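Biologist: Please walk me through this structure. I would like to learn to read it one feature at a time.

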Amino acid sequence: MSEPATVPPADKSMDELVALCKRRGFIFPASEVYGGINGFWDYGPLGTDLKNNLRDAWWNDLVRSPPAGPDGQPLSLVGLDSSIIQNPRVWEASGHVGGFNDPMQTCRQCKKLFRADHVPDMLSESDWPKAAADAAGVDPAGTELTPDVDGLRKWAQRKAKKVAPGLALVRDPDNVLTAMGSSLGSFAGLLAALATPPGEEAATPCPACGGDLTAPRQFNLMFETFVGAVRNEDARAYLRPETAQGIFLNYRNVLDTMRVKVPFGIAQIGKAFRNEVTPRNFIFRSREFEQMEVEWFCHPNDAQTWYEFWCAHRREWWQGLGLSAENLYLRSHDADELAHYAKDGCGTYDIEYRFPFTAPGYGELEGVAHRSDFDLRQHQEHSGTKMEYFDQERNERYIPHVIEPSAGLSRGVLALLCEAFTPDPERPSKVYMRFHPRVAPIQAAVFPLVNKDGMPEVAAKLYNDLRGTWKTQLDVKQTIGKRYARMDEAGTPFCFTIDGDTLQDQTVTVRHRDSLQQERIGIDRVREFLTERL
């Protein structure tokens, strides 16, 4: 039987995926019994296993069994687990106190806050701009628009009061329509005209209520906290907004305690916290998330070679976990996107994934940045600790440059979920999760066909034999069809059924998740079967 075709991201429903994640125990809203808290999520049993499998694959492939570098030799990488809260001077030196900001706008009517760079996308997703286009009789993609004034007036007096109550058009229709003019250059211009109070400068409309937004102002994304019993300026600290600084702070400790020499890397997986103004798109942009980062220390003259190596390696790695090549894109940052640590000649590539909510475009999955010597030099200056490295082979002292492959573990989980989500109306479950076997939260399931006649005992023996090596589930309840459906939604690649024939000839039925093919193999070959495929 041939493999099923990949479903394009644009044809996948995020609403259906989110519902499956809740129904099958992948991801739950945090504090759900109290109404939740925006930007925070809890991982259920299957989600925890999926995330841990992705985390372990990353750690294994980079730290336990590092890849070969450009010279064909295995890379030198060591691990680290640094504290979430560091001395606040760390964030002054790193530039986060002064430069880790997002432009924020506030709606003057509904008082909601928005990231300025998110507003255009949010307007395109909002319902009221579409309703305004219908009322005006215009095509949002058109130019030199001539809106239907009477249609807009009727809409303002009726439906707009519910969907866009803050709109200037709703609050003062006659004066807004008079000031609007008969021809506008774009749909964005029309929306701005509808949101601008008479006599004021053109306003950006609020995606939620249509009200006029304030001018952007800078908003620092770090969560503040206080250390100790006294809440004053001296006790102020921050939850880390990235895991990288903990690595830079321990660069000298690693040099002094481990037998490493440049080039080498320090890897870390851990939680980071950003007070996002508008968390959105499920777990894609949240306020608490996990990162998987490597800081690769190298000679400045070799930085470009290593930069190219890591860009290629990281894209290939994601493909190896099942993300299709057509859904991955390597994009270079424009000059106005570069982070505060970037210098002339340094850059960042984003490995982007085509999520259903970005299709046909892409969203960031992992960044590979050339951070130059910025961080080590900053900490040398602010702490007084020397960050130079003496290279015996070159007989040279220098501060290493750093190449940083930084992946979002949370976003990686979302990409795996989106890639795996495969609608199939012919199945009882109507959908199955096509996870790569390496990351599947349940890798094998064992079923007795019926819960009697000695079958449960044989199933339990096989389950106990497998569970120490692979994540295995034993399921004896309901019909075999319903059990297959549950495993399809969990993304289990192989199910083994013990039936009447098993008791006679010591064979079991193997069901393949993707192709639905079934075959008989000896029960003594199950471990070999899984070893070959997992």
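Modeller: Start with one residue. Asp61 counts as buried, because its relative accessibility is 17%. Buried means under 20% relative accessible area, exposed means over 50%, and partly exposed lies in between (1.4 Å probe, protein chains only).

Biologist: What should I know about the model before going on?

Modeller: This is a predicted model: local features need pLDDT of at least 70, side-chain atom pairs count only at pLDDT 80 or more, and totals for chains, interfaces and linings use all residues. Residues are numbered from 1 along each chain as its sequence is written, and side-chain values use heavy atoms, with hydrogens and water left out.

Biologist: Which residue does the side chain of Asp61 meet in a salt bridge?

Modeller: The general idea comes before the case. Side chains of opposite charge can pair when their charged atoms come close. A salt bridge is a side-chain nitrogen of Lys or Arg within 4 Å of a carboxyl oxygen of Asp or Glu. Here Asp61 pairs with Arg438, at 2.8 Å from N to O. This pair links distant parts of the chain, 377 residues apart. Asp61 sits in helix 2 (residues 45-64), while Arg438 is in the loop between strand 18 (431-433) and strand 19. Helices (H or I, at least four residues) and strands (E, at least two) are DSSP runs, numbered from the N terminus. Arg438 is partly exposed, since its relative accessible area is 30%.

Biologist: How many salt bridges are there in the whole structure?

Modeller: A search finds 39.

Biologist: Where do Arg252 and Asp256 lie?

Modeller: Both are in helix 13 (residues 251-257), four residues apart, about one turn of the helix. An α-helix has 3.6 residues a turn, so residues three or four places apart point the same way. The side chains of Arg252 and Asp256 form a salt bridge, 3.8 Å from N to O. Asp256 counts as exposed, because its relative accessibility is 58%. Arg252 is partly exposed, at 22%.

Biologist: Are Arg486 and Asp475 buried or exposed?

Modeller: Both are buried. Their side chains meet in a salt bridge of 2.5 Å, N to O. Arg486 lies in helix 18 and Asp475 in the loop between strand 20 (472-474) and helix 18, so the bridge ties together parts 11 residues apart in sequence. Elsewhere, bridges that share partners join Arg115, Asp117, Glu276 and Arg285 into one network.

Biologist: Now for aromatic rings. How many aromatic pairs does the structure hold?

Modeller: Rings of Phe, Tyr and Trp (its six-membered ring) pair if their centres lie within 6.5 Å; planes under 30 degrees apart are stacked, over 60 edge-to-face, and the rest tilted. The structure holds 21 such pairs. In one, Phe309 and Trp310 have ring centres 5.2 Å apart and planes at 75 degrees, so this pair is edge-to-face. Phe447 and Tyr484 have centres 5.7 Å apart and planes at 55 degrees, so their pair is tilted. The Phe447–Tyr484 pair links distant parts of the chain, 37 residues apart: Phe447 is in strand 19 (residues 444-448), Tyr484 in helix 18 (residues 480-490). Phe447 is buried, at 0% relative accessibility. Tyr484 is buried too, at 10%. Phe248, Tyr251, Phe264 and Phe297 form one aromatic cluster.

Biologist: Which residue lies over the face of Phe529?

Modeller: A charge sits over a ring if NZ of Lys or CZ of Arg is within 6 Å of the ring centre and within 35 degrees of the ring normal. Arg533 lies over Phe529, 3.7 Å from the ring centre. Likewise, Arg411 lies over the face of Phe284, at 3.8 Å.

Biologist: Which residues of helix 20 are buried?

Modeller: Helix 20 (residues 526-533) buries Val526, Phe529 and Leu530. These three cover an arc of only 90 degrees around the axis, so they lie on the same side of helix 20. The arc is that of the directions from the helix axis to the C-beta atoms. The face turned away from the buried side carries the exposed residues Thr531 and Glu532.
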